[in-house]
Amino acid sequence: MYNEKHPQADGSNFEVHSKFFWTPFWSNSIPEWVDKIDKACQVHLDWAHERESSKVEKLGSDFGMVYHSGPIETDPNLKELVDYIGGTAYNLLETWGNDISNHKVIFDSMWVQEFSQNGGGHHRVHIHENCHVSGFYFLKCSDKTSFPIFHEPRTGARATKLKMKDQKGVWPGSELIHFKPTPGTLIIFPGFLEHEYAVDFGIEPFRFIHWNIQ
């Protein structure tokens, strides 16, 4: 039985550890694009709000709703963002060791969404099947809005999870990662990575772009 550290068995030296089956996660911050892209997205969200207007009127509130636009990847006003994301996704797939020399990167879907003004907006845990890369670009968010939560993607690892000694840290054994974005934050991750969005309280607007790439 071992219940204390052994002075000659330095398993805490992470410098000599290998990292097998780790999950890549890439982020950048481009706040200078937010105003222009948000303005371009407004017409798509206006359509989404109009589509749900009868439902909101019937209920007397939009509590718990999430407004989704239609496809936006062909909007010429968003071309700079689309090209940046597509090029970055291609580079990342290569960096992650994939042989994509005979493949092209294409957008499976891209849309802008906004959580309800009366609060309650959220997303349950899910993945985006049949895609290689997913990501978000945040337009409106703060420390008072919702945020994405990423889950341990290895099913087998979940069965033997131990309590983390630092719940706020990010460890190889962490089961959940709470990612707190700011306007302009852009993140890209493998499509298999499970994620959800925490319940939003409707205190401030929460708006972001989502995409899937094959």
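Select Glu-152: with a relative accessibility of 5%, Glu-152 counts as buried (buried means under 20% relative accessible area, exposed over 50%, and partly exposed in between, using a 1.4 Å probe and protein chains only). A salt bridge here is a side-chain nitrogen of Lys or Arg within 4 Å of a carboxyl oxygen of Asp or Glu. Lys-161 is partly exposed, at 23% relative accessible area.

Some ground rules apply to every stop. The model is predicted, so local features need pLDDT of at least 70 and side-chain atom pairs count only at pLDDT 80 or more, while totals for chains, interfaces and linings use all residues. Residues are numbered from 1 along each chain as its sequence is written, and side-chain values use heavy atoms, with hydrogens and water left out.

**The whole chain**

Zoom out and show the cartoon. The protein chain has 3 helices and 10 strands; these are DSSP runs numbered from the N terminus, with helices (H or I) of at least four residues and strands (E) of at least two. In sequence order the pattern is β-α-β-α-β-β-β-β-α-β-β-β-β. Along the principal axes, the C-alpha atoms fill a box of roughly 65 × 45 × 30 Å. Of the 214 residues in the protein chain, 40% are buried.

**Helices H1 and H2**

The salt bridges number 8 by the rule above. Select Glu-80 and Lys-36, which form one of them, with the closest N and O atoms 2.7 Å apart. Glu-80 lies in helix H2 (residues 79-95) and Lys-36 in helix H1 (residues 34-59), so this pair ties together parts that are 44 residues apart in sequence. Glu-80 is partly exposed at 41% relative accessible area, and Lys-36 is partly exposed at 45%.

Stay on helix H2 and select Lys-79 and Asp-83. Their salt bridge has its closest N and O atoms 2.6 Å apart. Lys-79 and Asp-83 are 4 residues apart in helix H2, which means a separation of about one helical turn. Asp-83 is partly exposed, with a relative accessible area of 42%.

Next, select Asp-38, Glu-114 and Arg-207 together: a network of salt bridges links them.

**The aromatic rings**

A pair of aromatic rings is described by the distance of the centres and the angle of the planes. Rings of Phe, Tyr and Trp (its six-membered ring) pair if their centres lie within 6.5 Å; planes under 30 degrees apart count as stacked, over 60 as edge-to-face and the rest as tilted. How many aromatic pairs does the structure hold? There are 17 aromatic pairs.

Select Phe-136 and Phe-208. This pair is edge-to-face, with 5.6 Å from centre to centre and 85° between the planes. Phe-136 sits in strand S5 (residues 133-140) and Phe-208 in strand S10 (residues 207-213), so the pair links distant parts of the chain, 72 residues apart. Phe-136 and Phe-208 are buried.

Now move to Phe-138 and Phe-206. Their ring centres are 6.3 Å apart and their planes are at 35°, so this pair is tilted. Phe-138 is in strand S5 and Phe-206 in the loop between strand S9 (195-197) and S10, so the pair ties together parts 68 residues apart in sequence. Phe-138 and Phe-206 are both buried.

One more ring to select is Phe-147. Lys-180 lies over the face of Phe-147, 4.5 Å from the ring centre (a charge sits over a ring if NZ of Lys or CZ of Arg is within 6 Å of the ring centre and within 35 degrees of the ring normal).

**Last stop: the cysteines**

How many disulfides does the structure hold? The count is 0, a disulfide being a pair of cysteine sulfur atoms within 2.5 Å. Select Cys-41: the nearest cysteine sulfur is that of Cys-141, 14 Å away. Cys-41 is buried, at 0% relative accessibility. Cys-141 is buried too, with a relative accessible area of 10%.
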